[in-house]
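These are my notebook entries on a structure I had not examined before. I set down what I looked up, entry by entry.

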Amino acid sequence: MKARIKVTLKNGVLDPQGRAIVNALESLGFNGVKDVRSGKYIEVTLAETDPAKARADVERMCRELLSNPVMENFQFELEEA
Amino acid sequence: MRASVVVFPGSNCDRDIARTLAAVTGRPTAMVWHADTDLPESDLIVLPGGFSYGDYLRSGAMAAHSPVVRAVVERAKAGVAVLGVCNGFQVLTEAGLLPGALMRNALLKYVCRDVTLSVERNDTIFTKGYEERKPIMIPIAHKDGCYFADEDALDRVEGEGRVAFRYTGDNPNGSRRNIAGVYSENLRVLGLMPHPERLADPALGGTDGEMLFKSLFVAFNR
């Protein structure tokens, strides 16, 4: 199975890279950009074929390593590889 | 005082701090490779600055799960003193030994310069030799040093007297409440972004950093 994982900053956590992207977009002439939040996208391919077990594994991966709960949230989708 | 310095792939301040410790204690510093699980008997374990595992994913995230850091966490829980400098501080937060997290600097730039710090309390094993609140000068050199925790966590850390150092001049990296270093609950684990080992010899232009190691030396030789 394949997990498509998104790790994003929690609301209220300052995202200076997002701010820099806003400025760069404005300099390209995109004046309607109100805000940019940047994050990470991670794909994990698993040998596990049972969706429930895969889901539990990916949850733990996100909690223990792929995200830092102090400042980040995560969400993911599973699909047949 | 028996001191050990952990060496990760990508550490680059391990020898500086080992040299400083050896000069202060008069005995050699043990160097421990990241794959080792049996740490030597130590009064102090140091996680040095650098770019452990290339700073992949998040600074300190990979190192926090290395075999040696699991052993360090166990020692810390048993009361052994642990010092994390710069990347070592990042590792200690990622490993859950210290609260908060270290994010990209607010201005997105690597900052390398001397900063002034206030010593928030001088009654811990790390700071006994300093005068309380008297500014000291220590260099910083980092890109991911913006200390972050949510407001409740910050209130708790401050309420428990666990802020070790604050930036007193310009805040160089956007750290919440100007925090440059924090303690664990039992005050025996310290993480800080500035590098005390880099101003620990008159030949380097100052000795404000040396007092941290001297304080530890006194604490462990009583």
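**Entry 1: A:Pro16**

I began with A:Pro16, which is partly exposed because 17 other C-beta atoms lie within 10 Å, a count between the limits of 12 for exposed and 20 for buried. I note at the outset that the model is a predicted one. A:Pro16 belongs to helix H1 of chain A, which covers residues 16-27. I then asked which residues A:Pro16 touches, leaving aside those up to four places away in sequence. I found B:Arg104, B:Ala106 and B:Leu108. I also looked up the separation of A:Pro16 from A:Glu64: they are 48 residues apart in sequence and 25 Å apart in space, C-alpha to C-alpha.

**Entry 2: where chain A touches chain B**

I found 9 residues of chain A in contact with 12 residues of chain B. Which element of chain A gives the most to this side? H1(A) does, with 3 residues. By residue type, the side of chain A that touches chain B holds 7 nonpolar, 2 polar and no charged residues.

**Entry 3: the fold of chain A**

I counted 2 helices and 3 strands in chain A. Along the sequence they follow the pattern β-α-β-α-β. The 3 strands make an open sheet in the order E2-E1-E3, with antiparallel pairing. Strand E2 (39-45) and strand E3 (72-79) of chain A are the edges, each pairing on one side only. From one strand to the next, the twist averages 20°.

I then examined one pairing in this sheet. Strand E1 (residues 2-9) of chain A is joined to E2(A) by 7 bridges in the antiparallel sense. Within E2(A), A:Thr45 stands opposite A:Lys2. In a regular strand, side chains alternate between the two faces of the sheet.

Next I looked up the placement of helix H2 (residues 51-66) of chain A. Helix H2 of chain A lies across E1, E2 and E3 of chain A, and runs at about 155° to E3(A).

**Entry 4: the dimensions of chain A**

I looked up the radius of gyration of chain A and recorded 16 Å, whereas a compact globule of 81 residues would have one near 12 Å. The C-alpha trace of chain A spans about 50 × 25 × 15 Å along its principal axes. Of the 81 residues of chain A, 11% count as buried. Among the contacts in chain A with a separation of 6 or more, 67% join residues 24 or more positions apart.

**Entry 5: the dimensions of chain B**

Chain B has 5 helices and 11 strands. Its radius of gyration is 16 Å, close to the 17 Å that the globule rule gives for 222 residues, so chain B is as compact as a globular protein of that length. The C-alpha atoms of chain B fill a box of roughly 40 × 35 × 35 Å along the principal axes. I noted that 52% of the 222 residues in chain B are buried.

**Entry 6: helix H3 of chain B**

How many residues of helix H3 (residues 87-94) of chain B are buried? I found that 8 of its 8 residues are, and that the helix is mostly covered. Among them are B:Phe89, B:Val91 and B:Leu92, together with B:Asn87 and B:Glu94. The covering elements include strand E3 (44-47), helix H2 (67-77) and strand E4 (81-85) of chain B, as well as strand E5 (101-103) and strand E11 (189-192) of chain B. Just after H3(B), B:Gly96 takes a positive phi of about 85°.

**Entry 7: nonpolar cores**

I looked up which residues touch the most other members of the largest nonpolar core, which has 71 residues. They are B:Val6 and B:Val46. Leaving aside residues up to four places away in sequence, B:Val6 touches B:Val32, B:His34, B:Ile45, B:Val46, B:Leu47, B:Val68 and B:Val72. A second, separate core of 5 residues includes A:Val58, A:Cys62, A:Leu66 and A:Phe74.

**Entry 8: strand pairing in chain B**

Lastly, I followed strand E6 (residues 111-119) of chain B. E6(B) is joined by 8 bridges to strand E7 (residues 135-142) of chain B, and the two run antiparallel. B:Thr116 stands opposite B:Met137 in E7(B). E6(B) also pairs with strand E9 (residues 163-167) of chain B, in the antiparallel sense over 3 bridges. There, B:Ser118 has B:Arg166 in E9(B) as its bridge partner.

Key: Residues are numbered from 1 along each chain as its sequence is written. Chains are lettered from A and ligands numbered from 1 in the order in which they are written. This is a predicted model: local features need pLDDT of at least 70, side-chain atom pairs count only at pLDDT 80 or more; totals for chains, interfaces and linings use all residues. Helices (H or I, at least four residues) and strands (E, at least two) are DSSP runs, numbered from the N terminus. Two residues are in contact if their C-beta atoms, placed from the backbone, lie within 7 Å. Two strands pair if DSSP finds at least two bridges between them. Axes are lines fitted to C-alpha atoms, for helices over the stretch in contact, and angles run from 0 to 180 degrees between N-to-C directions. Ala, Val, Leu, Ile, Met, Phe, Trp, Tyr, Cys and Pro count as nonpolar, Asp, Glu, Lys and Arg as charged, and the others, Gly among them, as polar. The radius of gyration is taken over C-alpha atoms; the globule rule is 2.2 Å times the number of residues to the power 0.38. A nonpolar core is a set of buried Ala, Val, Leu, Ile, Met, Phe, Trp, Tyr and Cys residues joined through C-beta atoms within 7 Å.
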